[in-house]
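Trainee: I am new to this structure. Please pick one part of it and take me through that part closely.

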Amino acid sequence: MDRYFYPKNISRYHRRMLRILYKNKGMILYGYVIMSNHLHFIVQSRDGKLSDLIRDFKKFTAKQILEKIQTEPESRKDWILERLAKATETHSRNKNFQVWQYGNHSEEIFSLKFLWDKLNYIHLNPVRAGIVSKANHYIYSSATNYSNGTGIINSIEIAENPVINVNRSSEFWKYNHYDEE
């Protein structure tokens, strides 16, 4: 199943939906990372309807992922669909298949420092997973937007630069893993 959830295979759906949400639904995107088994977004809704943005994102991408599984040749197709069907047994909303977990792990961003803690956490996911040695080497992340000014999604609202506490060595580890020396 991981082949369908591998970033290069589905990130175009995620990117397309993020552009739609940005353009038509008032989403402000501060950061993201798309991993093989999960994703992180730091978003804000211009009109205060964050749950609507998340619902629309999940609905659109679930349909795209299911269509891909059902229409493309795949030896594990029946097994994948069986697992997605089984996931509906504990919830009454989805009748046939459930791609996304119910709910989300949202946290309110209450300060610039907390925002940067979260940006660093998500941007360094691929480094901690051993996929890349520098955060901006992972193209399915807004780390490149922050380090180079460009990325595969260009509608990123760049957060103000944080103040680095020079007395904490952990601060330097984070920034040493962002881009080239």
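Mentor: Start in helix 2, where Asp52 and Arg55 are three residues apart and therefore separated by about one helical turn. Helices (H or I, at least four residues) and strands (E, at least two) are DSSP runs, numbered from the N terminus. Bear in mind that this is a predicted model, where local features need pLDDT of at least 70 and side-chain atom pairs count only at pLDDT 80 or more, while totals for chains, interfaces and linings use all residues. Residues are numbered from 1 along each chain as its sequence is written, and side-chain values use heavy atoms, with hydrogens and water left out.

The side chains of Asp52 and Arg55 form a salt bridge, 3.3 Å from N to O. The term requires a side-chain nitrogen of Lys or Arg within 4 Å of a carboxyl oxygen of Asp or Glu. Side chains of opposite charge can pair when their charged atoms come close. Asp52 is partly exposed at 28% relative accessible area, and Arg55 is partly exposed at 46%. On this scale, buried is under 20%, exposed is over 50%, and partly exposed lies in between (1.4 Å probe, protein chains only).

The structure has five salt bridges. One of them joins Lys86 to Glu89, with 3.4 Å between the closest N and O atoms. Lys86 counts as exposed at 52% relative accessibility, and Glu89 also counts as exposed, at 60%. Another is between the side chains of Glu107 and Lys118, at 3.3 Å from N to O. This pair links distant parts of the chain, with Glu107 in the loop between helix 3 (77-86) and helix 4 and Lys118 eleven residues away in helix 4. Lys118 is partly exposed, at 22% relative accessibility.
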